[in-house]
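Take a look at the structure, then read on.

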Amino acid sequence: MSQTQVIKVTKDTMKKMKTYYEKNRLNRTVPYSDFVAKVGNTTITAYTSGKVVFQGPEAEKGAAKWGTPAQSKTSTSTSSSKSSSILPANFSQLSVLGSDEVGNGSYFGPVTVCAAYVDKTMVAKLKALGVRDSKELTDPQIVQLSSVIKELIPYKLLIVEPEKYNQIQPKYNAVHMKVALHNQAIYLLLNEIAPTKPEAILIDQFTPEANYRKYVRSEQNQVNEKLYFITKGEQYHVAVAAASIISRAAFLEELDKESKELGMKVPSGAGANSDKVAAAVLAKGGIALLSKYAKLHFANTEKAKKIAAK
Ligand code: MG
């Protein structure tokens, strides 16, 4: 039986794996991957993020050598959803509008927010297509799945590019901005699917409910009914998983666009590599250029200025 196993490894383990699979390496380039190897009929794809995907009959055995899978999945199994006391009974099978966002913690790239509506008649189909927690999917899988999902269900995607973000940010703190974006995406999608109404709206929780409701009160178009908040929302309904995949794919595509425009590989996250790339952008076009690609209020900006001044 064909299997897929995904593990997350440290930089150290990744190095060891690279050496271990040296002789099995394939001369194949996969976006965002460090290396691809094949042992027997099992393919091993190691991503720069530390995610390693084993695919094939020996996936389980191969992955077990290096780490514990986040979720084991055989090609014939269907993952069952978790239940929670705060959500209505049989929640995963209801018609739900879900929302999630990506990019808030990344120095480069936009903040993307997506609301997606999954009618109960579409739940099984999306699950069968492999729509699940985007952390268990590779970047290429996310981009591919996103385009499939967009054809199948109604969704609203909002993208705040860095230039716009830098204008809004002094007035809205990060949480307030996220609340405004979730609320707006949900509002627009509700209008689009009307007169159909979801049985529930599930927001992948990023702030306490009271805080969310406080910030919504300052919005012009407010959605206040049937709202549920839960962390790891994608485990409770496939609508949040779909929203998460669409927003993640949009974020990756924007980063890719930034890399092409700047002529240098723009990283996700907010680590030392972001400082270095930002310094190169500063050298190229100063803060005016950087403001088009990065969230300037991050500490990375000051670090980049120091590197650029050397
Ligand atoms: Mg989230």
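Q: Is D204 buried or exposed?
A: First, the ground rules: this is a predicted model, where local features need pLDDT of at least 70, side-chain atom pairs count only at pLDDT 80 or more, and totals for chains, interfaces and linings use all residues. Residues are numbered from 1 along each chain as its sequence is written, and side-chain values use heavy atoms, with hydrogens and water left out. Buried means under 20% relative accessible area, exposed over 50%, and partly exposed in between, with a 1.4 Å probe and protein chains only. D204 has a relative accessibility of 14%, so D204 is buried.

Q: Which residues coordinate the magnesium ion?
A: Donors are N, O and S atoms within 2.8 Å of the metal (3.2 Å for Na, K and Ca); water is not among the atoms, so sites may look incomplete. Two OD donors sit at 2.1 Å from the ion, and they belong to D100 and D204.

Q: How many residues apart are D100 and D204?
A: Strands are DSSP runs (E, at least two residues) and helices are DSSP runs (H or I, at least four), numbered from the N terminus. D100 lies in strand β6 (residues 96-102), and D204 lies in strand β9 (residues 200-204). The pair links distant parts of the chain, at a separation of 104 residues.

Q: What is the relative accessible area of D100?
A: D100 is a magnesium ligand. D100 counts as buried because its relative accessible area is 6%.

Q: Which residues does Y165 contact, leaving aside neighbours within four places in sequence?
A: Y165 sits in helix α5 (residues 162-168). Y165 is buried, at 1% relative accessibility. Contact means heavy atoms within 4.5 Å. On that basis the partners are V111, V160, M177, K295, H297 and F298.

Q: At what angle do α9 and α10 cross?
A: Axes are lines fitted to C-alpha atoms, for helices over the stretch in contact, and angles run from 0 to 180 degrees between N-to-C directions. The axes of α9 (residues 272-290) and α10 (residues 300-309) come within 8 Å. The two helices are roughly perpendicular (the class for 65 to 115 degrees). The crossing angle is roughly 70 degrees.

Q: Which residues of α4 make the contact with α8?
A: Helix α4 (residues 139-152) packs against helix α8 (residues 238-262) with axes 8 Å apart, at about 120 degrees. From α8 come A242, I245, I246, R248, A249, L252 and E253. From α4 come D139, I142, V143, L145, S146, I149 and K150.

Notes: Parallel < 35°, antiparallel > 145°, perpendicular 65-115°, else oblique.
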